Amino acid sequence: MAEEECELSDEQKKEIAKWFLYNAPSGEIQYIAKDLRSVLNDDKLYDEATSEAFPLYNKSHLICLELPCRSGDVLITPYNELEENQFIEPRTAQIVTIDHVKQACTEVRPAADEELASPYVEEFRCALDAEILKYVEEAYPKGVCSVYCVDGKDAEGPGCNFEFAVVIAAARNSPKNFCNGSWRSVWNIKFKEDALEIKGKLQVDAHYFEEGNVQLDAEQECQDGTIFQAPDDCAISIANIIRHHEAEYLKSLETSYSNLSDKTFKDLRRKLPVTRTLFPWHNTLQFSLTRDIQKELGIGK
């Protein structure tokens with residue numbers, strides 16, 4: 001029995017648009033947003049969808065934005081967000097206001113004392129930031145990194161617990177060559193009285209779309225630890241642990257994907273249809289993709 005035709009409500013259209021935006025491959029959200037504006041043909045819906053989806057996308061993809069006057073960069077992450085549209089850049093002690101949809105910095109101001117970590121915590125953070133920066137410059141030619149205090153920033157001395165988030169991001173976007181990709185890793189380090197707990201999440205994504213559509217989306221979680229030491233010694237130990245786990249993960253990826261046969265790749269490399277047909281919102285339930293999205297979002301029930 002054929003399914004009944006059903007036109008989606010404005011709220012359902014917005015949720016589907018947000019799904020496409022949030023799931024955009026690395027570096028491609030602006031292209032998808034441009035197409036969605038034409039598909040929705042409704043500026044109000046478009047503005048609502050982008051204003052809700054872009055902040056989530058920017059933070060989950062750890063995008064890096066250039067500061068005004070080329071004075072540096074700021075990573076957009078959940079770990080340095082102070083309030084809506086404001087992010088701290090601890091290396092230069094600045095607060096950056098951004099436009100999420102335009103993916104641009106709009107204002108920069110010095111951080112207030114209460115927005116920064118205590119001198120005791122900052123000594124550990126600066127030492128670790130310096131070691132991670134050296135590692136990233138060696139390992140990721142176009143990589144960026146930062147270290148944020150995410151808990152216990154007011155700790156004043158030994159015996160106080162605090163936590164850092166080490167964020168590393170590297171993107172290689174080349175749409176003219178039909179490929180984009182990124183590396184993202186986040187390491188949470190809990191400083192306790194006599195030990196450090198280290199947990200990492202590594203993510204790699206790549207999109208190749210020359211006459212086809214091949215995507216890689218892989219992630220790995222790991223944990224480790226070391227003893228509590230002086231700031232410089234802690235920084236070296238943590239950086240070495242991160243270096244070891246990331247190198248092992250990259251090695252495992254290279255091994256896995258070098259073993260893919262030519263036939264496997266050719267099967268994945270299917271030609272994409274090109275059409276100028278308008279999207280039929282009035283009869284979307286005939287499309288399995290739309291049904292899948294609706295099911296995932298819990299709409300249209």
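Predicted model: local features only at pLDDT ≥ 70, side-chain atom pairs only at ≥ 80, totals over all residues.
Student: Before the details, what is the protein built from?

Tutor: There are 7 helices and 11 strands. Of the 301 residues, 41% count as buried. The protein exposes about 17,500 Å², and carbon and sulfur atoms supply 50% of that.

Student: What makes F162 and F191 a stacked pair?

Tutor: Two numbers settle it. A pair of aromatic rings is described by the distance of the centres and the angle of the planes. Rings pair if their centres lie within 6.5 Å, and planes under 30 degrees apart count as stacked. For F162 and F191 the centres are 4.5 Å apart and the planes are at 15 degrees, so the pair is stacked. The pair also links distant parts of the chain: F162 sits in strand β8 and F191 in strand β9, 29 residues apart.

Student: How do you know whether F162 is buried or exposed?

Tutor: Buried means under 20% relative accessible area. F162 has 2%, so F162 is buried. F191 has 1%, so F191 is buried as well.

Student: Why is the pair of Y135 and Y140 called edge-to-face?

Tutor: Planes over 60 degrees apart count as edge-to-face, and centres must lie within 6.5 Å for a pair. Y135 and Y140 come in at 85 degrees between the planes and 6.0 Å centre to centre, so the label follows from the cut-offs. Both Y135 and Y140 are buried.

Student: How many aromatic pairs does the structure hold?

Tutor: It holds 14. Ring pairs also link Y120, F124, F162, F164, F191 and F228 into a cluster.

Student: Let's turn to the sheet with β8 and β9. What makes β7 and β11 its edge strands?

Tutor: The sheet is open, with 5 strands in the order β7-β8-β9-β10-β11 and antiparallel pairing. β7 (143-151) and β11 (214-227) each pair on one side only, and that is what puts them at the edges. Neighbouring strands of this sheet are turned by 15 degrees against each other on average, direction ignored.

Student: How do you know that β9 and β10 really pair?

Tutor: Two strands pair if there are at least two bridges between them. Strand β9 (residues 179-191) and strand β10 (residues 195-208) are joined by 13 bridges and run antiparallel, so they meet the cut-off. One example is V186, whose bridge partner in β10 is K201.

Student: And which helix lies across this sheet's β7, β8 and β9?

Tutor: That's α4 (residues 119-139), running at about 25 degrees to β8 (162-174).

Student: What about β3 and β4: what makes them a pair?

Tutor: They have 2 bridges, in the antiparallel sense. The cut-off is at least two, so β3 and β4 qualify. The bridge partner of E81 in β4 is F87. In their hairpin, with 2 residues between the strands, N85 takes a positive phi near 75 degrees.

Student: Which strand is joined to β4 by 4 bridges?

Tutor: Strand β5 (residues 94-99), which runs antiparallel to β4. E89 stands opposite Q94 there. The hairpin of β4 and β5 has 4 residues between the strands, and A93 takes a positive phi near 55 degrees.

Student: Last one: how do you know that both faces of β4 are covered?

Tutor: In a regular strand the side chains alternate between the two faces of the sheet. In β4 (residues 86-89), Q86 and I88 lie on one side, F87 and E89 on the other, and all are buried.

Notes:
Residues numbered from 1 in each chain as written. Heavy atoms only, no water. Buried < 20%, exposed > 50% of the residue type's maximum accessible area, 1.4 Å probe, protein only. Areas by Shrake-Rupley, 256 points an atom, 1.4 Å probe, with all protein chains shown as cover. Axes fitted to C-alpha atoms, helices over the stretch in contact; angles between N-to-C directions. Contact = heavy atoms within 4.5 Å.
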